[in-house]
Amino acid sequence: MKSMQTPEEFISLIERNGRTILQSTGMAQEKAYVQHGMVSCYLHSVFVAYVSIWLARRFGIRVHLRSLVRGALLHDYFLYDWHIKDPFRKAHGFSHAAVALQNAERDFHLNAIERDMIAKHMFPLNLTPPRYRESVLVCIADKICAVYETFSIPIPKTVLQMGQI
């Protein structure tokens, strides 16, 4: 995947639109949880934001950029290690979007687009389809990133740099 812009532009976009999220206790907590392969949940979320923006620009899709960034950063805001079995938790793939939404609503003020992005990013595993363009982009970006991470395909350096913040 070719870089969509300079590293500085991407970092500025993410920081400008997601600063309060990136600086939150919950996102710091995400750094401790592995998502796919050896990638943290935090880095995965930044990667999904990056790919979502890249897709929107590549295909000329008009989006509400602030919502796209915020929803992408929060789409996996479930805040637990899903690799540890818990008898009180349903199958992670089917339930974590609802948990992420609940946590995100508790910690941040979300608009309708952001709520939809978080709640429906696991479509078609979760049966309700995304309602907004931004939700569809995050849904697709999440799957692309999961493939990169699971099969250890190199993640763009810009994303890795952002993951250090």
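Helices here are DSSP runs of H or I with at least four residues, strands are runs of E with at least two, and both are numbered from the N terminus. The model is predicted, so local features need pLDDT of at least 70 and side-chain atom pairs count only at pLDDT 80 or more, while totals for chains, interfaces and linings use all residues. Residues are numbered from 1 along each chain as its sequence is written, and side-chain values use heavy atoms, with hydrogens and water left out.

**Confidence**

- The mean pLDDT of the protein is 87, and 88% of the residues score at least 70; pLDDT is the predictor's confidence in each residue, from 0 to 100.
- Where pLDDT is low, the predicted coordinates should not be read in detail.

**Burial and core**

- Of the 165 residues, 51% count as buried, where buried means under 20% relative accessible area, exposed means over 50%, and partly exposed lies in between (1.4 Å probe, protein chains only).
- The largest nonpolar core holds 42 residues, and those with the most contacts inside it are Phe-10, Ile-14, Phe-47, Leu-73, Leu-74 and Tyr-77. Such a core is a set of buried Ala, Val, Leu, Ile, Met, Phe, Trp, Tyr and Cys residues joined through side-chain atoms within 4.5 Å.
- Two or more residues of this core come from each of α1 (7-22), α3 (41-58), α4, α5 (92-107), α6, α7 (133-150) and α8 (157-163), with α3 giving the most, eleven residues.
- Residues 24 or more positions apart make up 68% of the contacts with a separation of 6 or more, a contact being heavy atoms within 4.5 Å.

- Val-46 sits in helix α3 and counts as buried because its relative accessibility is 0%.
- Leaving aside neighbours within four places in sequence, Val-46 touches Phe-10, Leu-73, Val-159 and Met-162.
- Val-46 and Val-159 are 113 residues apart in sequence, yet 6.6 Å apart from C-alpha to C-alpha.
- With the neighbours within four places again set aside, Phe-47 is in contact with Cys-145, Tyr-148, Glu-149, Ile-155, Pro-156 and Val-159.

**How α4 meets α6**

- The axes of α4 (residues 65-74) and α6 (residues 112-120) come within 9 Å and cross at roughly 35°. Axes are lines fitted to C-alpha atoms, for helices over the stretch in contact, and angles run from 0 to 180 degrees between N-to-C directions.
- From α4, the contact uses Arg-66, Ser-67, Leu-68, Arg-70, Gly-71, Ala-72 and Leu-74, and from α6 it uses Ile-113, Glu-114, Met-117 and Ile-118.
- These contact residues divide into six nonpolar, two polar and three charged; Ala, Val, Leu, Ile, Met, Phe, Trp, Tyr, Cys and Pro count as nonpolar, Asp, Glu, Lys and Arg as charged, and the others, Gly among them, as polar.
- Helix α4 is mostly covered, with eight of its ten residues buried, including Val-69 and Leu-73.

**Backbone points worth a look**

- Most residues other than glycine have a negative phi, and most peptide bonds are trans.
- Phe-123 and Pro-124 are joined by a cis peptide bond with omega about 10°; Pro-124 belongs to the loop between α6 and α7.
- Ser-152, in the loop between α7 and α8, has a positive phi near 55°.
- Ser-152 counts as exposed because its relative accessibility is 62%.
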